[in-house]
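My entries follow in the order in which I made them.

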Amino acid sequence: MNRIAIGIGSNSHNADNSVKSAIVWCSEIFSNVVASSVYITDPVGKKAISVGRRYSNAVIVGNTPLNKDEIITSLKDYENNHGRTLSSRSTGIVTIDLDLVIYNDEILKPTDINRDYFRLGFEEIGILNDLSRRSTTGLPTSAL
């Protein structure tokens with residue numbers, strides 16, 4: 001079984017509901033899911049800032065037998081099925097964004113780890129402190 005952490009975000013007009021729906025979906029396809037609350041963060045990056053919309057975000061952790069590629073494909077399929085298209089990306093409006101940030105002991109998106117849009121939810125779940133403690137002591141982080 002693989003342990004995962006996924007960052008979820010949206011800056012659409014219905015952002016809170018989009019994030020909550022994605023949490024429900026994740027709970028249906030992954031096991032032992034723990035989700036943070038939905039919280040608001042400021043946009044990051046030139047395009048996101050120019051749009052001028054804050055983001056609704058959440059983080060989930062869970063287990064899955066799927067490999068990284070299968071998970072990422074599932075996440076991108078969900079995004080596409082919920083309005084995240086090439087044309088929507090050009091507007092800077094993010095209907096829904098799901099990113100596999102951690103897969104077992106591997107941090108796939110190291111920049112995201114320290115950004116508020118991920119860090120706040122990860123800390124809320126209570127895992128970031130445990131991860132930091134383990135990485136400084138040399139213990140494995142597989143207990144995510």
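**Overall fold**

I counted seven helices and six strands in the chain; helices (H or I, at least four residues) and strands (E, at least two) are DSSP runs, numbered from the N terminus. The model is predicted, so I noted that local features need pLDDT of at least 70, that side-chain atom pairs count only at pLDDT 80 or more, and that totals for chains, interfaces and linings use all residues. Residues are numbered from 1 along each chain as its sequence is written, and side-chain values use heavy atoms, with hydrogens and water left out.

Along the sequence I read the pattern β-α-β-β-α-β-α-α-β-β-α-α-α. Of the 144 residues of the chain, 42% count as buried (buried means under 20% relative accessible area, exposed over 50%, partly exposed in between, with a 1.4 Å probe and protein chains only). I then looked up contacts (heavy atoms within 4.5 Å): among those between residues at least 6 apart in sequence, 67% join residues at least 24 apart.

**Strand β1**

I examined strand β1 (residues 2–10) and found nine of its nine residues buried, so the strand is largely enclosed by the rest of the structure. Asn2, Ile4, Ile6, Ile8 and Ser10 lie on one side and Arg3, Ala5, Gly7 and Gly9 on the other, and both faces are covered.

Which strands pair with β1? Two strands pair if DSSP finds at least two bridges between them. Strand β4 (residues 55–64) runs antiparallel to β1, with nine bridges, and strand β5 (residues 97–103) is joined to β1, also antiparallel, by six bridges. In the β5 pairing, isoleucine 8 stands opposite leucine 98.

I next looked at arginine 3, which belongs to β1 and counts as buried at 16% relative accessibility. A polar atom of the arginine 3 side chain lies 3.4 Å from the backbone oxygen of glycine 62.

**Strand β4**

I found ten of the ten residues of β4 buried. Tyr55, Asn57, Val59, Val61 and Asn63 point one way, whereas Ser56, Ala58, Ile60, Gly62 and Thr64 point the other way.

Strand β2 (residues 31–35) pairs antiparallel with β4 over three bridges, and alanine 35 stands opposite isoleucine 60. Strand β3 (residues 39–41) is likewise antiparallel to β4, with three bridges, and threonine 41 has tyrosine 55 as its bridge partner.

Beyond neighbours within four places in sequence, threonine 64 contacts Met1, Asn2, Ile4, Phe30 and Ile71. Its side chain reaches the backbone nitrogen of leucine 66 at 3.1 Å.

**Helices α1 and α3**

Lastly, I looked at helix α1 (residues 15–29) and helix α3 (residues 68–81), whose axes come within 12 Å and cross at roughly 140 degrees. Axes are lines fitted to C-alpha atoms, for helices over the stretch in contact, and angles run from 0 to 180 degrees between N-to-C directions. Ser18, Ser21, Ala22 and Trp25 in α1 meet Ser74, Leu75 and Tyr78 in α3.

Methods: A polar contact is a pair of N or O atoms within 3.5 Å; within protein, one must be able to donate a hydrogen and the other to accept it, and residues adjacent in sequence count only if both atoms are side-chain atoms.
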